[in-house]
Amino acid sequence: MKKIEAIIQPFKLEEVKEALKGIGVDGMTVTEVRGHGRQKGHKEVYRGQEYMVDLLPKVKIELVISSTRLEEVVKTLTAAARTGKIGDGKVFVFDVAEAIRIRNDERGEAAL
Ligand SMILES: Nc1ncnc2c1ncn2[C@@H]1O[C@H](COP(=O)(O)OP(=O)(O)OP(=O)(O)O)[C@@H](O)[C@H]1O
Ligand SMILES: [Mg+2]
């Protein structure tokens with residue numbers, strides 16, 4: 001199993017959620033976060049306004065998926081989140097050791 005942690009523009013959340021739903025990805029965790037990438041000290045646009053980049057609002061999406069679906073999920077997510085401008089965000093991929101459904105102790109991919 002893999003965990004995808006994607007930091008995206010907040011206004012892209014609905015589009016990304018719909019795209020993931022479209023390929024049958026169900027479980028996810030979404031958190032409002034703040035961050036910056038390599039443009040710190042430069043201008044970035046948020047809701048039509050230019051800001052000096054300190055820590056801008058972003059949305060973090062965490063998904064644990066079967067390793068076999070990694071490329072498909074990353075491709076779908078990045079295509080939906082991309083505007084082509086700076087600040088579109090990043091995707092980090094991690095190995096997941098185990099998943100357990102608390103309700104019935106199902107493990108591994110059965111728990112996703
Ligand atoms: N190296 C990193 N580690 C952790 N979080 C990061 C890292 N780089 C970016 N982020 C997160 O991703 C968000 C978006 O980053 P951003 O897309 O601006 O990256 P970038 O490297 O500056 O690329 P771009 O040139 O497209 O702007 C940041 O606000 C931050 O939350
Ligand atoms: Mg940036």
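Me: By class, how many nonpolar, polar and charged residues does the shell around ligand 1 have?
Reply: This is a predicted model, and 13 residues stand around ligand 1. By class, the shell has three nonpolar, six polar and four charged residues.

Me: Which residues come nearest to ligand 1?
Reply: A residue belongs to the surroundings if one of its heavy atoms lies within 4 Å of the ligand. Of the 13 residues around ligand 1, those that come nearest are Gly35, Arg38, Gln39, Gly87 and Gly89.

Me: How far is an oxygen atom of ligand 1 from a backbone N or O atom of glycine 87?
Reply: A pair of N or O atoms counts as a polar contact within 3.5 Å. For glycine 87, the distance from the backbone atom to an oxygen atom of ligand 1 is 2.7 Å.

Me: Which strand gives the most to the shell around ligand 1?
Reply: The chain has two helices and six strands, arranged along the sequence in the pattern β-α-β-β-β-β-α-β. The element that gives the most to the shell contributes three residues and covers residues 89-95. That element is strand 6.

Me: In what sense do strand 1 and strand 5 pair?
Reply: Strand 1 comprises residues 2-8 and strand 5 comprises residues 56-65, with seven bridges in their pairing. Within it, isoleucine 8 stands opposite valine 59 of strand 5. The sense of the pairing between strand 1 and strand 5 is antiparallel.

Me: Which residue in strand 6 is the bridge partner of lysine 2?
Reply: Strand 1 also joins strand 6, through seven bridges, and these two strands run antiparallel. On the strand 6 side, the bridge partner of lysine 2 is aspartate 95.

Me: Over the ring of which residue does the charged end of lysine 3 sit?
Reply: The structure holds zero aromatic pairs. A charge over a ring is another kind of arrangement, for which the charged atom must be within 6 Å of the ring centre. The charged end of lysine 3 is 5.9 Å from the centre of such a ring, that of phenylalanine 94.

Notes: Residues are numbered from 1 along each chain as its sequence is written. Chains are lettered from A and ligands numbered from 1 in the order in which they are written. This is a predicted model: local features need pLDDT of at least 70, side-chain atom pairs count only at pLDDT 80 or more; totals for chains, interfaces and linings use all residues. Side-chain values use heavy atoms; hydrogens and water are left out. A polar contact is a pair of N or O atoms within 3.5 Å; within protein, one must be able to donate a hydrogen and the other to accept it, and residues adjacent in sequence count only if both atoms are side-chain atoms. Helices (H or I, at least four residues) and strands (E, at least two) are DSSP runs, numbered from the N terminus. Ala, Val, Leu, Ile, Met, Phe, Trp, Tyr, Cys and Pro count as nonpolar, Asp, Glu, Lys and Arg as charged, and the others, Gly among them, as polar. Two strands pair if DSSP finds at least two bridges between them. Rings of Phe, Tyr and Trp (its six-membered ring) pair if their centres lie within 6.5 Å; planes under 30 degrees apart count as stacked, over 60 as edge-to-face and the rest as tilted. A charge sits over a ring if NZ of Lys or CZ of Arg is within 6 Å of the ring centre and within 35 degrees of the ring normal.
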